[in-house]
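Subject: Structure handover

Hello,

Here is the structure I promised to pass on. Please open it first, then read my notes below.

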Amino acid sequence: MPPRRRLLTIGIMGLLFIACAPPSAPGRVPGGEGPIRVGLLAPLTGVMAAPGSDMVNGWNLYWKLHGSRVAGREVVTFVEDDGGDPNTALTKARQLVEQQQVDMIVGPLFAHVGLALADYLQTSGTPGFYPIVAADDLTQRHRVDNVIRVAGWSSSQPQHPFGEWAYDQGYRRVLTICTDTAHGHESCGGFLRTFTARGGQLVRQLWNPLNTADFSSYLTQVPDSGADVVLIQQGGADAIRFVKQWSEFGYKGRFALLSSQVGLDQSVLRAMGPEAEGLISAGHWSEGRQEATTQEFVQAYLREHNQLPSYFVAALYSAAQWIAAATERVNGNARDRQAFLDAVRTTEVDSPMGRLKLDPYGNPTLNIYIRRVERDPAGRLWNVPISTYENVSQFWTFGPEKFLRQPVYSREFQGTPEQLRALGLQP
């Protein structure tokens with residue numbers, strides 16, 4: 001039996017209506033008339049179902065708090081479960097574009113799904129907005145004009161300042177333990193590019209597969225490595241298991257541990273305890289940031305869902321804010337794709353994550369927060385900024401011309417001075 005299609009019509013009260021099959025899309029009214037139709041793709045089943053649900057929750061919360069109309073037009077959202085599978089996502093996207101005649105696609109979560117979807121969106125011309133997919137080359141060497149990272153990020157973007165921050169704390173020798181995926185390669189590479197440029201040394205590099213149950217073979221290599229800091233990139237259940245096992249090995253407080261954003265995101269902190277307290281990561285979302293725009297959003301999500309918002313929530317909420325502002329600028333005429341995309345590209349928002357604006361490549365410049373896990377006033381774990389880098393570019397301080405001469409970060413290329421010189425590039 002084919003999966004049930006879910007139709008989400010966002011009204012003033014933000015009610016969710018689910019039907020076994022959607023009604024046929026009525027004939028579209030040209031220009032700025034009729035509803036604005038949005039297709040939202042997220043993995044609502046599978047290993048990332050919880051963050052996928054967070055995505056939908058963040059999107060819904062914006063419209064519930066701000067009303068369902070933009071420039072006098074109702075916003076109607078069709079939510080589809082892509083299951084984290086590229087083929088499923090492509091099938092659902094075609095149905096949304098060709099049958100429901102949506103004005104735009106928002107989502108998905110996984111990088112491999114987003115890359116496959118981008119090819120279809122390029123062919124169809126449908127605007128695609130990616131708040132989550134972080135594959136570097138999506139807005140670098142293989143960018144698609146009508147696919148924009150609204151409220152999104154690139155994998156290496158937070159890691160460039162993080163590498164410099166780590167060096168400035170006095171760390172000189174790093175061991176890395178990262179997932180053997182594109183996101184792991186890019187996250188690790190971003191950190192090493194700047195850490196080693198400052199004079200830091202990579203002493204050992206370990207790659208683990210997704211869904212690693214037992215990290216003992218990696219953890220036993222830490223004491224004799226000579227490293228004074230360990231960098232990890234883990235996510236989901238892997239992050240929960242790694243942090244727990246790190247503590248069980250007696251390493252907490254004995255060895256310094258730094259994490260990429262997703263390893264200590266609120267989506268995994270909810271399942272962690274004292275083993276996570278005091279750990280430090282870098283990211284473009286920090287739920288413990290005390291600015292009013294952040295805390296008003298945090299409190300609104302707490303009232304709605306009785307939990308602190310993850311980055312998946314904050315990104316989709318901020319994407320809705322951004323899209324709404326751009327739609328107002330074209331008087332609700334999202335069917336004029338070129339004008340609408342131009343409005344999106346030139347819109348800036350003060351979001352819960354901070355000030356956001358796009359660079360010429362379709363990726364935001366944004367704040368990067370060095371964050372420490374602490375307890376909020378109610379005793380919940382959350383990330384509190386201890387240092388902020390403002391207006392961080394995906395190209396860091398290198399500039400696009402120099403940065404794009406180097407390959408995308410991979411297992412073979414991690415941006416160290418030796419690797420750059422071997423390619424005839426300057427460190």
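Is A151 buried or exposed? A151 is buried, because its relative accessible area is 0%, and the cut-off for buried is under 20%. Keep in mind that this is a predicted model. A151 lies in the loop between β7 and α4 (159-168). Its phi is near 60 degrees, which is a positive value in a residue other than glycine.

N306 also has a positive phi, of about 60 degrees, although N306 is not a glycine. Look for N306 in the loop between α9 (292-305) and α10. N306 counts as exposed, because its relative accessibility is 65% and the cut-off for exposed is over 50%.

Now the helix pairs.

Start with α1 (residues 49-66) and α10 (residues 311-329). Their axes come within 7 Å and cross at roughly 40 degrees. The two helices are therefore oblique to each other. The crossing of α1 past α10 is right-handed. On the α1 side, the contact is made by P51, D54, M55, G58, W59, L61, Y62, W63, L65 and H66. On the α10 side, the residues are F312, V313, L316, Y317, A319, A320, Q321, I323 and A324. By type, the residues of this contact of α1 with α10 are 15 nonpolar, three polar and one charged.

The second pair is α2 (residues 86-98) and α3 (residues 111-124). The axes of α2 and α3 come within 9 Å, with a crossing of roughly 40 degrees. That makes α2 oblique to α3. α2 passes α3 in a right-handed crossing. From α2, the contact takes in P86, A89, L90, A93, R94, V97 and E98. They meet H112, V113, A116, L117 and Y120 in α3. The residues of the contact of α2 with α3 divide into nine nonpolar, one polar and two charged.

Stay with α3 for a moment. α3 has 14 residues. From first C-alpha to last, α3 reaches 20 Å, close to the 20 Å expected at 1.5 Å a residue. Which residues of α3 are buried? They are V113, G114, L117, A118, Y120 and L121. These buried residues pack against β2 (36-42), α2, β5 (104-106), β6 (128-129) and β7 (147-148). G125 follows α3 and has a positive phi, near 80 degrees.

The loop between β5 and α3 holds P108. A cis peptide bond joins G107 and P108, with omega about -10 degrees.

Two more residues to look up:

- T196 sits in helix α5 (residues 182-197). T196 counts as buried, because its relative accessibility is 8%. Leaving aside neighbours within four places in sequence, T196 is in contact with L202, G415, T416 and P417.
- A213 is in the loop between β9 (201-208) and α6 (216-219). A213 counts as exposed, because its relative accessibility is 55%. Not counting residues up to four places away in sequence, A213 touches R241 and Q245. The C-alpha atoms of A213 and G58 are separated by 30 Å, and the two residues are 155 residues apart along the chain.

Best wishes

Technical notes. Residues numbered from 1 in each chain as written. Predicted model: local features only at pLDDT ≥ 70, side-chain atom pairs only at ≥ 80, totals over all residues. Heavy atoms only, no water. Axes fitted to C-alpha atoms, helices over the stretch in contact; angles between N-to-C directions. Helix = DSSP H or I, 4+ residues; strand = E, 2+ residues; numbered from the N terminus. Parallel < 35°, antiparallel > 145°, perpendicular 65-115°, else oblique. Left-handed = near helix turned anticlockwise from the far one by under 90°. Contact = heavy atoms within 4.5 Å. Nonpolar A, V, L, I, M, F, W, Y, C, P; charged D, E, K, R; others polar. Expected span 1.5 Å × (residues − 1). Buried < 20%, exposed > 50% of the residue type's maximum accessible area, 1.4 Å probe, protein only.
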